[in-house]
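Student: Pick one part of this model and take me through it closely, please. I'd also like to hear about the other parts worth a look once you're done with it.

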Amino acid sequence: MRASPLVYLIDASIYIFRAHFSPYVECYDENGNELSALYGFAGFLLQFMRRVKPDHIAVAHDESLFCGFRHKLCRNYKSNRELPDENLQMQLTGCGDFCSIIGLPSFSSKVYEADDIIGTIAARVRNEKECDVNIVSCDKDLVQLLKKESDCLWDYNGNRKRFRSHIIDEFGVRPEQFPDYLGLIGDSVDCITGVPGIGPVKAKKLLNQFSSLESIYLNLDKVKTSQLRGAARLTELLGKHRDLAELSKVLATIVCDIKNSEEPFSHVVLDNLVPQPVNEAVLCEFFNTYKFGPRDQERLMTLAQRVNCLLYTSDA
């Protein structure tokens, strides 16, 4: 029996798009339409449940591309992404429906990203009870949510768990400093600019000395007279691009205190995160709705039945 509840928070998009682009995942409906993203994600979730047998779990989906609050702050944010076409949108909808059918709490928002959903749920369950949190993703932005030494970012497919100590070793900053770090260096993946001319080495040294972006700007005179190489030029860059730095930090900061009656994830409690048995009858209807082929239906149903047997049968 664990002393503290262990909560698994899954970043759905990572695993949906891995399946969508993977040459090793192929699935088509009876009319030849692509179903690989839905099929791969469904298989991942069932295998995860069978392997991990979680007591508390939630799945966070992204639905806020180009309509979330960050896009209102910065039009260029994630401007390198494309909206899903009709087929992929259909599969994304199916991924959300599948979670409910197999008994997993899942959440999405038109305003907040999956990272914010994960951050808010993590904060809420930690406030309710001493918890360990495993974030199932390979997205580096989520490292800022690792609060305890036992928390981890788990790249499930890569079988790699990263704890706070790994983040410090890899980036040279503490997990909670990651928004400051990205505020300085930017993030090309999300079209976050940062401060032009400042890279990881300088950012790490600045944050080791001044701890946060705010502290850096309160101590620009000390930056200028510091022993950092090119301190005068560094101070000039920081002063010239202060607005960019501060905006970049806001864009990179995961919101963990959302309180909105229209956002179900913002008022969850631990008991809401207990998985329920797979509804096998509804799962059959789901397969028919999406016109899965017989072999793919059989594989997923077999996995679902094994999950039910393993997790919910009294004599399992």
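Tutor: Let's start with Arg160 and Glu170, whose side chains meet in a salt bridge at 3.6 Å, N to O (a side-chain nitrogen of Lys or Arg within 4 Å of a carboxyl oxygen of Asp or Glu). Arg160 belongs to strand β6 (residues 160-162) and Glu170 to helix α6, so the pair ties together parts that are 10 residues apart in sequence. Bear in mind that this is a predicted model, where local features need pLDDT of at least 70 and side-chain atom pairs count only at pLDDT 80 or more, while totals for chains, interfaces and linings use all residues. Residues are numbered from 1 along each chain as its sequence is written, and side-chain values use heavy atoms, with hydrogens and water left out. As for the element names, helices (H or I, at least four residues) and strands (E, at least two) are DSSP runs numbered from the N terminus.

How covered is that pair? Arg160 is partly exposed at 44% relative accessibility, and Glu170 is partly exposed too, at 41%. (Buried is under 20% relative accessible area, exposed is over 50%, and partly exposed is in between, with a 1.4 Å probe and protein chains only.) Elsewhere, salt bridges that share partners join Arg70, Lys78, Glu113 and Asp116 into one network. Back in the loop between β5 and β6 you'll find Asn159. Its phi is positive, near 50 degrees, in a residue other than glycine, and Asn159 is exposed at 54%.

By this rule the salt bridge count comes to 20. One of them joins the side chains of Arg126 and Asp151, at 2.8 Å from N to O. Arg126 sits in helix α5 (residues 114-128) and Asp151 in the loop between β4 (132-136) and β5 (152-155), so this pair ties together parts that are 25 residues apart in sequence. Asp151 is buried, with 0% relative accessibility. Then there's Lys148 with Glu130, a salt bridge of 3.2 Å, N to O. This pair links distant parts of the chain 18 residues apart, with Lys148 in the loop between β4 and β5 and Glu130 in the loop between α5 and β4. Lys148 is partly exposed, at 22%.

Strands β4 and β5 come up again with helix α1. The buried residues of α1 (residues 12-21) are Ala12, Ser13, Tyr15, Ile16 and Ala19. They pack (contact being heavy atoms within 4.5 Å) against β4 and β5, as well as β1 (6-11), α2 (36-52), β2 (56-60) and α4 (86-101).

Helix α7 (residues 178-185) is mostly covered, with 7 of its 8 residues buried: Phe178, Pro179, Asp180, Tyr181, Leu182, Gly183 and Leu184. These pack against α6 (164-171), α8 (200-210), α9 (213-218), α11 (231-240) and α12 (242-252). In the loop between α7 and α8 sits Cys191, which has a positive phi near 60 degrees without being a glycine and is buried at 17%.

The axes of α13 (residues 280-289) and α14 (residues 294-312) come within 11 Å and cross at roughly 160 degrees (axes are lines fitted to C-alpha atoms, for helices over the stretch in contact, and angles run from 0 to 180 degrees between N-to-C directions). That makes α13 roughly antiparallel to α14, since angles over 145 degrees count as roughly antiparallel, under 35 as roughly parallel, 65 to 115 as roughly perpendicular and the rest as oblique. The contact is made by Glu280, Leu283, Cys284, Phe287 and Asn288 of α13 and Gln297, Leu300, Met301, Ala304, Gln305 and Asn308 of α14. Tyr312 is also found in α14, and is partly exposed at 27%. The C-alpha atoms of Tyr312 and Val278 are 9.3 Å apart, though 34 residues separate them along the chain. Leaving aside neighbours within four places in sequence, Tyr312 is in contact with Met49, Pro275, Gln276, Pro277 and Val307.
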